[in-house]
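Subject: Structure handover and notes

Hello,

Please find the structure for your files below. My notes on it come after.

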Amino acid sequence: MLAFVARRIALAVLVVVGVIVVTFVVAHVVPGDPAATWAGPHASAAQIAAAQKFLGLDRPLPVQLVSYLGGIVRGNWGISIHTHRPVLSDIMTAAPATLELVISALIIALIIGIPFGLISARRPGRVADQVIRAGSIFGVSMPIFWMALILQLLFSQKLRWLPAAGEYSPALLFSHPLVKRTGFPVVDSVIGGNWPMLGSTVVHLILPAIVVAAYPAGLIARMVRAQVLDTIGEPHILNARALGFREGQIFGRFAMKLAWPPVSAALALVFGYSLVNTFLVEAIFDWPGLGSYAAASIATLDTPAILGVTLFVAIAYVVANLVVDIVQAAIDPRIRLR
Amino acid sequence: MIETPVIAPADAVLPRGVRLRRALRANPLLTVGGLLVVLIILVAIFAPLLAPAAGDAGTATHPLDVLRGPSAVHWFGTDQVGRDILSRVIYGTRVSPVIAVIVLAIACAIGIPLGVAAGFLGGWVDELVMRVTDVFLAFPPLLLALALAAVLPASLTSLTLAIAAVWWPWYVRLLRGQAASVAGRPYIETCRALGISRTRIIFRHILPNSITPLLVQVSLDIGGVILTASALSFLGLGAQDPTPDWGLMVAEGQSYFTPDWWLVTFPGIAILVTAFAFNLLGDGLRDLLDPKRSFLP
Amino acid sequence: MRRKRAWAAVSAVSTAALTLLAACGGSSYSSGTKPTTTAKVFTYDTYTQVMVDGWDPATEYSNGIIAMSNMYQTLTHYNPVTHQVDPLLATSWTHSSDGLTWTFQLRHGVYFHTGRLLTAQAAEAAILRTKKLNGGASYIWGAVKSIDAPSQYTLVFHLSYPSPLALEASADYSAYIYDTQAAGAGGNLTKWLNTPHDAGTGPYTLQSWNNGQEFEVILKEFGKYWGGWSGSHYSKVVFRVTPQDTTAAQLLRSGQVNFVEQMSPTLWQSLKGVSDISLTSSPSWQNLLAQLNSQSLSEPIREAISYDTDYPGIIAALSGAAVQSSGIVPAGLFGHFTNLPSYTYDPTKAAQLLNSAGYGPGKKPLNLTLTYTAGDSNEQVVATLLKSSLSKLNVNLSVQGLAWNTQWSKAKSSTASTHQDIFIEYWWPDYADPYSWFVNLLLGEKQPFFNLSYYSNPMLNKQINNVESLVATNPPAGSSLYRTMQVEILKQAPIVFLYNSNYQYAMTNNFSGFQVNPAYPNVIFVYDLHPKS
């Protein structure tokens with residue numbers, strides 16, 4: 001087991017280094033003038049030249065790469081051109097909001113996806129199956145930014161059921177201020193016993209989380225269905241039937257155990273996809289997470305910030321995959337042999 | 001699998017037309033998907049005839065007619081410079097799907113040779129190619145495409161290149177798997193022993209065997225590329241005005257969304273329906289052609 | 001600074017929220033419990049980050065004035081009704097007959113937020129520092145040769161040429177009086193200010209700054225404000241950044257914000273008749289310009305572009321947010337004329353002019369580049385309409401929307417080949433005077449700054465350098481000179497004056513005292529508002 005873990009970690013580290021190199025290469029295709037943007041609107045030619053020096057843009061490329069690599073490892077991810085603060089600190093400030101959103105979305109996706117997948121697999125080929133399959137394909141075909149706008153219009157403006165934007169109701173900003181401990185508003189409200197704030201944060205989470213959950217829900221439903229159908233003919237299921245368990249019980253007690261491995265593998269995948277999908281919806285919901293930061297960086301051609309976010313998400317994705325792999329290996333020894 | 005096989009052995013003697021029809025009936029999703037895709041392609045081909053105001057998909061503007069709601073004259077209303085949205089949505093069928101085709105063509109052009117080389121030759125070639133694809137696969141697709149598109153000057157070309165740069169690893173993996181599995185079979189060893197060249201083996205055995213999974217993967221991916229392309233155009237990183245790209249139309253329509261909902265709604269539906277159609281088609285093809293599906297989502 | 005007028009649909013930045021508490025009843029989805037504080041909060045909703053230039057009142061030249069004008073004050077304040085300046089930190093002023101010596105009497109008992117008393121020495125130090133830093137609109141003090149403080153509350157300016165100093169002292173940029181000793185004896189004031197801290201005299205002081213967050217800037221009342229706090233006042237001001245104007249409108253409807261700075265014209269109109277919301281539409285001194293690159297485009301081509309701009313189309317497409325420009329100087333300012341020879345939409349004439357330069361339909365195509373500020377949908381509409389009308393004359397316009405900083409750095413770069421052919425931006429004056437347009441946009445520059453037509457006309461340069469003192473000594477002659485300059489500029493067409501903006505604001509109607517002041521664009525002096533309880 002230990003050998004497996006060590007091997008996977010080593011591989012992951014190698015991949016991360018490759019990721020860093022790729023992002024660095026992407027950086028140097030830039031045709032803009034980061035020095036001018038950095039120096040700001042009042043800069044003279046001399047100030048821009050000084051900015052070039054400050055940003056290290058006057059050194060040869062390989063030197064810049066090595067310096068970049070070293071910097072990343074030490075936590076220096078560059079300075080954001082539009083906020084003038086370290087990129088890593090900007091990311092750390094923005095990340096909790098996005099993580100909260102993604103985790104809530106994944107929870108919703110699991111709650112929707114798994115049962116529907118099971119129902120679909122129960123009677124394959126029949127109406128319920130076709131409808132659910134169409135529905136899951138619908139989910140993965142949905143343009144997320146459009147869904148966000150439509151749902152916001154419908155539920156916030158027309159029906160007034162849910163709030164339009166923000167992480168919590170601004171009325172609570174002064175009456176029940178949130179004490180930041182972990183950076184996750186929901187967690188912080190629970191820790192602080194700030195119940196009005198908890199209610200508000202949860203209510204504000206609903207709409208964005210549903211939007212982000214569409215794709216994973218569709219994907220999970222399809223995977224559960226496929227995996228269950230694949231394994232339903234296996235000997236141990238036949239055995240269960242022979243032992244007298246009813247179909248319903250088989251689905252309830254055994255099928256999920258069979259469906260779990262690929263679903264958990266898929267979780268890492270949809271975690272990565274959802275992290276990136278938040279880039280498209282956060283601006284619409286005023287959600288102050290990585291997505292808003294990325295959108296701002298794109299609009300200001302803030303290359304260090306764009307790369308920082310890219311790196312962060314890629315590393316998170318690699319780590320998520322690593323964790324899932326190790327957990328799966330811990331559960332299923334056969335995997336360790338691969 | 002519990003599903004009855006679509007083509008039972010006895011059916012093999014039935015005429016092709018009947019087999020096809022049975023297959024389609026047994027796969028309603030595939031049928032619907034296929035029909036929708038054909039419809040979309042027809043709309044793209046006949047766009048100049050179908051669009052009431054073809055000029056509106058180009059540089060024509062009508063400033064006195066801005067932001068009119070759906071009516072008999074303009075079924076989908078007009079946008080912020082008075083252009084007919086129906087015409088622009090129709091011409092949009094010539095934008096994203098075409099980008100998708102080009103992207104996947106590039107992805108195949110890179111992925112097939114690399115994948116076959118890796119799978120067939122094995123050894124260090126395989127290791128190297130696999131590690132490199134691992135690095136690229138470590139990025140969720142939209143992410144790397146976004147980073148690339150953000151540093152290139154915004155245009156459809158940059159968009160296409162950015163997405164292609166992200167999509168090719170899947171095809172390397174796919175072809176590698178195919179090549180490796182074929183290469184490992186005993187009859188291939190026999191062929192080699194008989195002195196048959198590697199090239200012949202590739203072209204006569206590996207590639208033909210790969211067509212089916214390749215076809216399935218491509219049809220599954222078209223929907224994904226269309227969504228990625230419209231997402232990047234939405235962020236301003238791809239198509240520029242006046243190109244009638246649906247993602248761009250949603251982005252431009254955002255500021256007017258309340259109360260002029262039609263600017264965003266119709267292009268968005270177009271994206272949804274198109275991606276849905278191709279995904280249905282791909283899913284149905286996968287069920288039909290590749291019963292032992294592999295989990296490339 | 002003008003560019004920040006752009007509104008960002010998908011733009012960055014933080015959102016600072018300001019919600020109106022209790023009084024308005026909140027939204028239907030607030031947490032449900034009644035707020036426990038009685039603080040009255042005013043929320044100003046803007047579309048882009050507020051503090052982008054740093055926190056130094058001497059060099060601020062952008063959006064930050066919406067917050068700073070509540071924390072800092074100027075010697076005088078422009079009154080849009082009387083068209084005169086009113087006393088603020090100065091209670092009265094006189095000037096010598098030759099206009100070269102100005103004497104201001106300062107208000108007694110005014111304290112900086114740092115605790116120090118406002119004296120003539122402190123004011124002198126602030127103005128001298130602003131001049132020295134030479135940022136922002138510091139040119140407004142350009143006539144000042146030296147300053148004296150003969151007594152604790154008497155401030156004397158010695159000018160090198162006559163200039164309307166009382167008017168200039170009311171400017172919306174670079175005229176703030178602040179405590180230069182806030183950082184201590186050897187301290188770095190800029191660094192101290194950027195912590196951030198504020199060193200102003202205004203009714204509100206900085207409570208918190210959450211850079212990159214929703215509720216970006218929060219101000220709280222300054223207890224020792226010289227104006228006092230009797231009567232109904234807001235005790236807190238929150239600046240909330242909402243990149244999407246449709247979201248901002250929803251927040252306004254639910255009462256979570258009090259005031260929305262900018263939204264698309266149709267969105268604004270859709271709020272007509274909605275209870276609890278009032279709308280204002282008022283003329284401003286802001287115009288939208290297309291600066292034509294006079295180095296790459298010859299005069300016939302510039303004139304052709306001026307004739308090929310669909311002015312009525314643009315006005316119609318922007319439904320109420322825009323009015324036809326007449327000359328350079330907007331109505332309400334000295335130097336405005338309604339009968340100047342101006343351009344109309346005349347594609348035939350434009351084609352003739354292009355032909356004379358070898359371009360036009362049937363001849364070789366002309367390829368031009370245009371940049372505008374990304375996210376501003378009005379600018380985008382204008383760019384699209386321009387592209388459309390030009391394409392009919394075989395001119396291919398390539399349109400690029402860039403973030404303001406990027407748009408400007410590209411235009412200012414020393415490599416002339418990267419310069420755009422057409423630069424779209426807004427302009428508004430630094431103080432209630434037409435001089436700002438001429439000195440910033442049309443005076444020849446060695447290094448491009450805001451003269452992004454890269455235009456230099458020697459005779460015009462001389463006139464611009466003289467006009468201020470002429471206006472001070474001989475107003476009718478000054479007015480006449482402004483007219484002459486405008487006629488010449490319109491003839492040479494380095495700038496196309498697309499339209500004048502109307503400020504279309506939307507706000508809740510649970511307060512009184514709101515007044516639009518075109519001299520302070522988009523600024524709300526929250527102290528002057530009285531919440532209805």
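This is a predicted model: local features need pLDDT of at least 70, side-chain atom pairs count only at pLDDT 80 or more; totals for chains, interfaces and linings use all residues.

Residues are numbered from 1 along each chain as its sequence is written, chains are lettered from A and ligands numbered from 1 in the order in which they are written, and side-chain values use heavy atoms, with hydrogens and water left out.

Chains A and B

Between these two chains, 52 residues of chain A are in contact with 55 residues of chain B (contact means heavy atoms within 4.5 Å). The buried area is about 4,700 Å², and carbon and sulfur atoms give 79% of it. Buried area here is the accessible area, with a 1.4 Å probe, that two parts lose on being put together, summed over both.

There are two salt bridges between chain A and chain B, a salt bridge being a side-chain nitrogen of Lys or Arg within 4 Å of a carboxyl oxygen of Asp or Glu. A:Arg222 forms a salt bridge with B:Asp283, and their closest N and O atoms are 2.5 Å apart. The count of residue pairs in polar contact between chain A and chain B is four, both residues at pLDDT 80 or more. A polar contact is a pair of N or O atoms within 3.5 Å; within protein, one must be able to donate a hydrogen and the other to accept it, and residues adjacent in sequence count only if both atoms are side-chain atoms.

On the side of chain A that touches chain B, at least two residues each come from helix 1 (2–27), helix 6 (127–141), helix 7 (144–158), helix 10 (195–231), helix 12 and helix 14 (303–331) of chain A. Helix 10 of chain A gives the most, with eight residues. Helices (H or I, at least four residues) and strands (E, at least two) are DSSP runs, numbered from the N terminus. By class, that side of chain A has 38 nonpolar, 10 polar and four charged residues. Ala, Val, Leu, Ile, Met, Phe, Trp, Tyr, Cys and Pro count as nonpolar, Asp, Glu, Lys and Arg as charged, and the others, Gly among them, as polar.

Chains B and C

Here 21 residues of chain B are in contact with 23 residues of chain C. The two chains bury about 1,800 Å² between them, 58% of it on carbon and sulfur atoms. B:Pro63, B:Ser255 and B:Thr258 supply 28% of the area that chain B buries against chain C, more than any other three residues. The side of chain B that touches chain C has 10 nonpolar, seven polar and four charged residues.

Chain C overall

Chain C has 14 helices and 19 strands. Its C-alpha atoms fill a box of roughly 75 × 60 × 40 Å along the principal axes. The radius of gyration of chain C is 24 Å, which agrees with the value near 24 Å for a compact globule of 533 residues; it is taken over C-alpha atoms, and the globule rule is 2.2 Å times the number of residues to the power 0.38. Of the 533 residues of chain C, 63% count as buried. Buried means under 20% relative accessible area, exposed over 50% and partly exposed in between (1.4 Å probe, protein chains only). Among the contacts in chain C with a separation of 6 or more, 72% are between residues 24 or more positions apart.

A:Val281

A:Val281 is in helix 12 (residues 247–281) of chain A and is buried, with a relative accessible area of 0%. Not counting residues up to four places away in sequence, A:Val281 touches A:Ile144, A:Phe145, A:Ala148, A:Val211 and A:Val212. A:Val281 and A:Leu149 are 132 residues apart in sequence and 8.6 Å apart in space, C-alpha to C-alpha.

Backbone exceptions

Most residues other than glycine have a negative phi, and most peptide bonds are trans. The peptide bond from B:Asp241 to B:Pro242 is cis, with omega near 5°; B:Pro242 is in the loop between helix 10 (198–234) and helix 11 (246–253) of chain B. The bond from C:Thr195 to C:Pro196 is also cis, with omega near 10°, and C:Pro196 lies in the loop between helix 4 (189–193) and strand 8 (204–209) of chain C.

C:Asn134 is not a glycine but has a positive phi of about 55°. C:Asn134 is exposed, at 59% relative accessible area. C:Tyr454, not a glycine either, has a positive phi of about 50° and is buried, at 10%.

Regards
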